[in-house]
Amino acid sequence: MSTGTLSPVEALAPPAAAPEPRRARALGVARDLVYRYGLLVLLAVLVVWFSTATPEFATVRNVLIILQSVAITAVVALGVTVSLVAGGFDLSAGATVSLTVMVSAAAQVYFGLPAWVAVLAGLSCGVLVGLVNAALVVLGRVPDLVATLGTMFVVQGLALVLTSGQSVSAGATFRGEPTTGRISESFLWLGRGDVLGIPAPVVIVTVVSVGVAVLLTRTRAGRLLEAVGGNPEASRLAGVRVGRYRALAYVVSGFLASVGGVLLTARLGRGDVGAGSPYLLETVAAALIGYAVLGANRPHALGTIVGALFVGVVINGLTMQNAPYYAQDLIKGALLVGAVLLSFSSLFRRTGGSR
C-alpha cells in the first residue's frame, strides 16, 4: 500500500479537531494571570482567611508585629537578591549575620566600646565577607555556590572562635575574667525602638528597600548588574567590567547581611552564635518566592519584600491558630516549591513571550 492511501479505518475516522482559537486564547490569558498575580492573590486569600479565623490577626498591633518579624529577613534577602541579579548566589549570608551578632555584642560587652563603634565593627564584618567572596569568585574563578558555601563554614567557625563558643551578654566572662560592659540602650533602640509608633527595624528596612530598588532600576550600575547576570560574556564583549560588578554585588550582599546582624543583636540584647543560621533558609525563600511576583521571573527588590512578607504572614497566622512550631519549616519549604513551580514551570509561561 502506498503511503498516500488511507486504510478503511483511517478513512472512516473523524478528522482531528482543530484547536479552538478562542479557548486557546482564554487558557493563555488565564495562565498569564496566574503567572503574574497568582502569588499576590494567594497572599490576599490567606490574609482574609486568617482574619476571619482569628480576629486578632487583622489588628494594627499584629500587623506591626508581622512587619517587625520580617524586617531582618527582608534586609538580608535584599542583599541576596543583589547577588542573584549579578548571576551569583550568596550562601554565606546567614553565617555573616551570626558573625555580626557576635562581633557587635562582643565590642560592647567585652571591650566596653560605644554603640556606634559596635555598629561600625559589625558592618565592617559584612563588607569583609563580601570582599572575600568577591576575591574567590572573581579572582579565584571559583563557582559562586562553592565559594560562598566555603565562606559560610569559615565565617561560622570564626564566630565560634572569637567568643569561644559562648553567648555574649552582660556579666559574661572573657579570657577567664568577668566583663563589665553591656549593650547600650542606644544600640538596643535599633531593634526595639520606634519612630512615631512604627518599629525602628520597619523604618530601616523601608529605607533599605527603596535604596536597593533605586540601585537596581534607576542607576547605571544596577542595569549593568542585570546585564552581567543575564549574559556575562556578552557584557564583557560590550566593554563591561564584569568582575568589578560581580564584586560589587557580593559586597552589597555582605553589607546588608551585617545590617541584619546589627538589627538582630539589638533585638536580642545579646550575642548568640547560632542566631543567624535560620536566616539562610528564610532569605533564600524570600528571594526565590520574589521571582514569582508580577511574573518577573527574575530577582527584584519588590518581589523579595513580598516574598518575605508572604512567609511572615503565613507563619504569624499559623502561630495564632496554634499550629505546631515544628511544622513551620515544612510549610516554608512547600511555599518555596510552589513559588518556584510558578516561576520556572513552562505550565504558566506564554509561548508568545509577552513577559
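## The largest pocket

Helix H13 (301-320) gives the most residues to the lining of the largest pocket, 6 in number. Helices here are DSSP runs of H or I with at least four residues, strands are E runs of at least two, and both are numbered from the N terminus. This is a predicted model, in which local features need pLDDT of at least 70 and side-chain atom pairs count only at pLDDT 80 or more, while totals for chains, interfaces and linings use all residues. Residues are numbered from 1 along each chain as its sequence is written, and side-chain values use heavy atoms, with hydrogens and water left out.

How much space lies in the largest pocket? The volume is about 270 Å³, counted as the space filled by probe spheres set on grid points, which are joined across faces, edges and corners. A pocket is an open set of points on a 1 Å grid over the protein atoms alone where a 1.4 Å probe fits, with protein on both sides within 12 Å along at least five of seven lines; lining residues have an atom within 4 Å of a point. Of the 14 lining residues, Ser69, Val70, Glu282, Gly312 and Ile315 are the closest to the centre.

Let's turn to H6. Its 19 residues should span 27 Å at 1.5 Å a residue, and the end C-alpha atoms are 26 Å apart, which agrees. The expected span is 1.5 Å times one less than the number of residues.

Which residues of H6 are buried? They are Asp144, Ala147, Thr148, Thr151, Met152, Val155 and Ala159, where buried means under 20% relative accessible area, exposed over 50% and partly exposed in between, with a 1.4 Å probe and protein chains only. These residues sit on the same side of H6 because they cover an arc of only 140 degrees around the axis, taken from the directions from the helix axis to the C-beta atoms. On the other side, Val146, Phe153, Val154 and Val161 are exposed. The buried residues pack against helix H4 (93-109), H5, helix H11 (242-268) and H12, with contact meaning heavy atoms within 4.5 Å.

## Positive phi angles in loops

Arg141 is not a glycine, yet has a positive phi of about 60 degrees. Arg141 lies in the loop between helix H5 (115-139) and helix H6 (144-162), and counts as exposed at 71% relative accessibility.

Leu196 also has a positive phi, near 55 degrees. This residue is in the loop between strand E3 (194-195) and strand E4 (198-199).
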